[in-house]
Amino acid sequence: MVKIKVLLADDQELILESLHIVLSMEEDLEIVGLAKNGEEALKGCEQFKPDIVLMDVNMPVMDGVAATALIKERMPATKVIMLTSYKEVEYVLAALSHGAEGYLLKAIHPRDLAAGIRVVQAGGTLITQEMASKMIKSMNNGPATISNEYGLSAREIEVLHKLASGLRNQDIAEALFLSEGTVKNYISTIYSKLNVRGRREAIRKARDSGFMDH
């Protein structure tokens, strides 16, 4: 069995140790490193080449969002799951915009935490319905100008709507009867046309231009 290599980053010793103990009990997971801040997480990724990083949001020296941005820039294949103790949309959206694969609440049951790691390792994304609805709600304002202003096609608008709903690429592909590769191409084109680097910026631009009423 090829184990999933996991690096844990949290500034609270108790949480770090608890996660370490709980996840080490899973046969298919291997904890390769522990970090107490974003800087240590970045160094750990360079040293241990983990498949997945469980990244706390608020940490000293360098926070989880900044660390995620650097990890994704230098090691794009490393997948990052944000760990948060509260449902702060902005932090999670910031991390998603830098390429994080999703987030989990610290209060989650250990079994669900391990399941979340497996979902992400298999290419999935972790965004709850609650997060998706908050994202949609924040966009339902104003006139529909974005499609004309940025030259998005009707299909690209559909993909952006699905993206904003928190759907995984695979789900978007199934919903729109496209291949996953085609969906990825559409998303790249959308980012390029909107001149943004990720989901958060794309969603913010969509909200500011009010095109989600389109």
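Helix α8 (residues 154-164) packs against α10 at an angle of about 100°, and their axes lie 10 Å apart. Axes here are lines fitted to C-alpha atoms, for helices over the stretch in contact, and angles run from 0 to 180 degrees between N-to-C directions. The model is predicted: local features need pLDDT of at least 70, side-chain atom pairs count only at pLDDT 80 or more, and totals for chains, interfaces and linings use all residues. Residues are numbered from 1 along each chain as its sequence is written, and side-chain values use heavy atoms, with hydrogens and water left out.

α8 and α10 are therefore roughly perpendicular to each other. That term covers angles of 65 to 115 degrees; under 35 counts as roughly parallel, over 145 as roughly antiparallel, and the rest as oblique. Helices (H or I, at least four residues) and strands (E, at least two) are DSSP runs, numbered from the N terminus. On the α8 side, the contact (heavy atoms within 4.5 Å) involves R155, E156, V159, L160 and L163. These residues meet Y186, I187, T189, I190, Y191, K193 and L194 of α10. By class, this contact of α8 with α10 has eight nonpolar, one polar and three charged residues. Ala, Val, Leu, Ile, Met, Phe, Trp, Tyr, Cys and Pro count as nonpolar, Asp, Glu, Lys and Arg as charged, and the others, Gly among them, as polar.

L19, V22 and L23 of α1 meet P110, L113, A114 and I117 of α5. The contact of α1 with α5 consists of seven nonpolar residues, with no polar and no charged ones.

The strands form an open sheet of five, in the order β2-β1-β3-β4-β5, with parallel pairing. Two strands pair if DSSP finds at least two bridges between them. β2 (29-35) and β5 (102-105) are the edge strands, each pairing on one side only. Neighbouring strands of this sheet are turned by 25° against each other on average, direction ignored. Strand β3 (residues 52-56) runs parallel to β4 (residues 79-84), and five bridges join them. V53 has V80 of β4 as its bridge partner.

Two helices lie across these strands. α1 lies across β1 (4-9), β2, β3 and β4, and runs at about 165° to β2. Helix α2 (residues 38-48) lies across β1, β2 and β3, at about 160° to β1.

Pockets were identified next. On a 1 Å grid over the protein atoms alone, a cavity is a set of points where a 1.4 Å probe fits but cannot get out, whereas a pocket is an open set with protein on both sides within 12 Å along at least five of seven lines; lining residues have an atom within 4 Å of a point. Grid points are joined across faces, edges and corners, and a volume is the space filled by probe spheres set on the points.

The largest pocket has a volume of about 650 Å³. Its lining comprises 25 residues, of which G99, A100, E101, N169 and R199 lie nearest the centre. α3 (64-74), α4 (89-97), α9 (169-175) and α10 (180-194) each supply at least two lining residues. α10 gives the most, with five. The lining of the largest pocket has six nonpolar, 10 polar and nine charged residues.

The second largest pocket holds about 160 Å³ of space. I15, S18, L19, V22, L23, L83, K106, I108, H109, P110 and L113 line this pocket. α1 (13-24) and α5 (110-121) are the elements that give two or more residues to its lining. α1 gives the most, with five. The lining of the second largest pocket divides into eight nonpolar, two polar and one charged residue.

Backbone geometry shows two further features. Most residues other than glycine have a negative phi. K49 has a positive phi near 50°, and sits in the loop between α2 and β3. F177 is not a glycine, yet its phi is positive at about 55°. F177 is found in the loop between α9 and α10.
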